[in-house]
Amino acid sequence: MALLFVSDAILKEQKRVEMSECSHNCGSCSASCSSREKPESLQVEPHEMSAIKNVVAVVSGKGGVGKSLITSLLACATQRSGYNTAILDADITGPSIPKAFGLTERLQANEFGISPATTRTGISAVSINLLTPDPSSPVIWRGPVIASAVTQFWKDVIWSDVDFMYVDMPPGTGDVPLTVFQSLPIKGIVVVATPQDLVSLIVEKAIKMAEMMNVPVLALVENMSYYQCEQCGARHEVFGKSHIENVAKKYGIDTVVKMPIDPSVASKCDAGQVEDIQSPEIDNLFKSLRTKLEEKANA
């Protein structure tokens, strides 16, 4: 009985998200109903001293797939291309961005708002680890409080002029992803996965959530896709055969990036030197994202 109750609740919530309320409250509203009302926008305005052009969320269906790494590398590639870049670390309970960039100074606030941290190459960043007295202290908050913190990062931080902002999302499809999709003007998402069969199933959940929220999937990134031997050049699929192209074809996603396993990348991130990493795969990914967002803006 409990499972039936939960299933019924999920179906009702999905119907509520997919359809606006009918003013007649007849319970049988269709897309052609003249009384169907336009859903009220839940988007939150950024700080009045901020001008943010493009917001891209980096998501994953589960943890441990390297989502924060892809976020960091994308931000670095964007900054190197001459764009003002920012990272909003929305992974409140598992923030990784400060460590990757070697950021340790606490964020400062004044009467106007909160100033973001600045990395060595000029990327603006905000993370909960830059606000807590001890970065190793766990954040033990309930979902609504965590979601509220993410919204505050958006509206209370003086981001100034930003060409591309990347939102490092927590894994899954819970409170924070829902808040970000509803509150921020997300132009699209990048989905990060690894090669295992189980991950492919979880990736589809993230893609379907984005579709329900009318957010386009700009690219799929398969991290730890293979290891290339330095001596013979052969590729080894350490975590199993890739299925990412099948997922991309199923959902009409034309940009797929496969990231190799590279121990030097982990070493540089641990040392706070992610900005020193050169990744042709991520450079090409950014070019694709930029082209898609420009085409969308000009459509």
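Biologist: How do I read the confidence, and what does the chain average?

Modeller: Where pLDDT is low, the predicted coordinates should not be read in detail. Here the protein chain averages a pLDDT of 86, and 86% of the residues score at least 70. Residues 1–14 are another story: pLDDT there is below 50, and the stretch has one contact in the model beyond near neighbours in sequence.

Biologist: Okay, on to the overall fold. What share of the contacts join residues at least 24 apart?

Modeller: Counting contacts in the protein chain between residues at least 6 apart in sequence, 76% join residues at least 24 apart. As for burial, 46% of the 299 residues in the protein chain are buried. The chain exposes about 15,800 Å², with carbon and sulfur atoms supplying 52% of that area.

Biologist: Let's pick a strand. Is β8 mostly covered or mostly open?

Modeller: A general idea to keep in mind is that side chains in a regular strand alternate between the two faces of the sheet. In this case, strand β8 (residues 186–193) is mostly covered, with seven of its eight residues buried.

Biologist: Which strands pair with β8?

Modeller: Among them are β1 and β9. Strand β1 (residues 51–59) runs parallel to β8 and is joined to it by five bridges; V56 has G188 in β8 as its bridge partner. β8 and β9 also pair in the parallel sense, over five bridges, and there V190 has A219 in β9 as its bridge partner.

Biologist: Now a single residue. Where does Y227 sit?

Modeller: Y227 belongs to strand β9, which covers residues 217–228.

Biologist: Why is Y227 called partly exposed?

Modeller: The label goes by relative accessible area: buried means under 20%, exposed means over 50%, and partly exposed lies in between. Y227 has a relative accessible area of 30%, so Y227 counts as partly exposed.

Biologist: Which residues does Y227 touch?

Modeller: Leaving out residues up to four places away in sequence, Y227 touches A234, R235, H236, V238 and I261.

Notes:
Residues are numbered from 1 along each chain as its sequence is written. This is a predicted model: local features need pLDDT of at least 70, side-chain atom pairs count only at pLDDT 80 or more; totals for chains, interfaces and linings use all residues. Side-chain values use heavy atoms; hydrogens and water are left out. pLDDT is the predictor's confidence in each residue, from 0 to 100. Contact means heavy atoms within 4.5 Å. Buried means under 20% relative accessible area, exposed over 50%, partly exposed in between (1.4 Å probe, protein chains only). Accessible areas come from the Shrake-Rupley method with a 1.4 Å probe; for residues, only the protein chains shown count as cover. Helices (H or I, at least four residues) and strands (E, at least two) are DSSP runs, numbered from the N terminus. Two strands pair if DSSP finds at least two bridges between them.
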